[in-house]
Amino acid sequence: RTLVTDELRLTEIPGHGITECFDLRDDPDEMINLAGSASDDPRVATGREGLLREVVALLDSSQVPFHAA
């Protein structure tokens with residue numbers, strides 16, 4: 001799953017433990033993974049919160065009832 005904003009791109013691959021987060025303003029070529037260190041950059045947490053909000057919004061707007069999904 002990927003979230004892209006004007007400021008960052010965050011990608012998380014569930015089940016594989018892979019997270020990438022890039023500051024698109026300071027690193028437009030996506031060379032420095034902010035999630036690649038032992039202590040993630042605070043922008044990684046911000047990206048995860050945004051990704052979670054988007055996923056929840058998509059689930060909440062589904063036309064299929066939850067019991068039928």
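The legends below describe close-up views of a predicted model.

Local features need pLDDT of at least 70 and side-chain atom pairs count only at pLDDT 80 or more, whereas totals for chains, interfaces and linings use all residues. Residues are numbered from 1 along each chain as its sequence is written, and side-chain values use heavy atoms, with hydrogens and water left out.

**View 1. Three strands form an open antiparallel sheet.**
The strand order is β1-β2-β3. Strands are DSSP runs of E with at least two residues, helices are runs of H or I with at least four, and both are numbered from the N terminus. Two strands count as paired if DSSP finds at least two bridges between them. β1 (2–4) and β3 (18–23) stand at the edges, and each has a single partner strand, so one side of each lacks a neighbour in the sheet. Neighbouring strands are turned by 5 degrees against each other on average, direction ignored. Axes here are lines fitted to C-alpha atoms, for helices over the stretch in contact, and angles run from 0 to 180 degrees between N-to-C directions.

**View 2. β1 and β2 form a hairpin.**
Three residues lie between the two strands. Three bridges join β1 to β2 (residues 8–13), and the two run antiparallel. Val4 has Arg9 of β2 as its bridge partner. Leu3 stands opposite Leu10 in β2.

**View 3. Helix α1 packs on the sheet.**
The helix spans residues 42–60 and touches β1, β2 and β3. Contact means heavy atoms within 4.5 Å. The direction of α1 makes about 70 degrees with that of β2.

**View 4. β2 and β3 pair over six bridges.**
The pairing is antiparallel. Thr11 has Glu20 of β3 as its bridge partner. Four residues lie between the strands of this hairpin. Gly15 takes a positive phi there, near 85 degrees.

**View 5. A salt bridge joins Glu7 and Arg25.**
The structure holds six salt bridges. Each is a side-chain nitrogen of Lys or Arg within 4 Å of a carboxyl oxygen of Asp or Glu. Between Glu7 and Arg25, the closest N and O atoms are 3.8 Å apart. This pair links distant parts of the chain, 18 residues apart. Glu7 sits in the loop between β1 and β2, Arg25 in the loop between β3 and α1. Glu7 is partly exposed at 48% relative accessibility, whereas Arg25 is exposed at 54%. Buried means under 20% relative accessible area, exposed over 50%, and partly exposed in between (1.4 Å probe, protein chains only).

Arg48 is partly exposed, with a relative accessible area of 33%. Glu12 is also partly exposed, at 23%.

Glu20 is partly exposed, with a relative accessible area of 31%. Arg9 is buried, at 15%. Salt bridges with shared partners join Arg9, Glu20 and Glu30 into one network.
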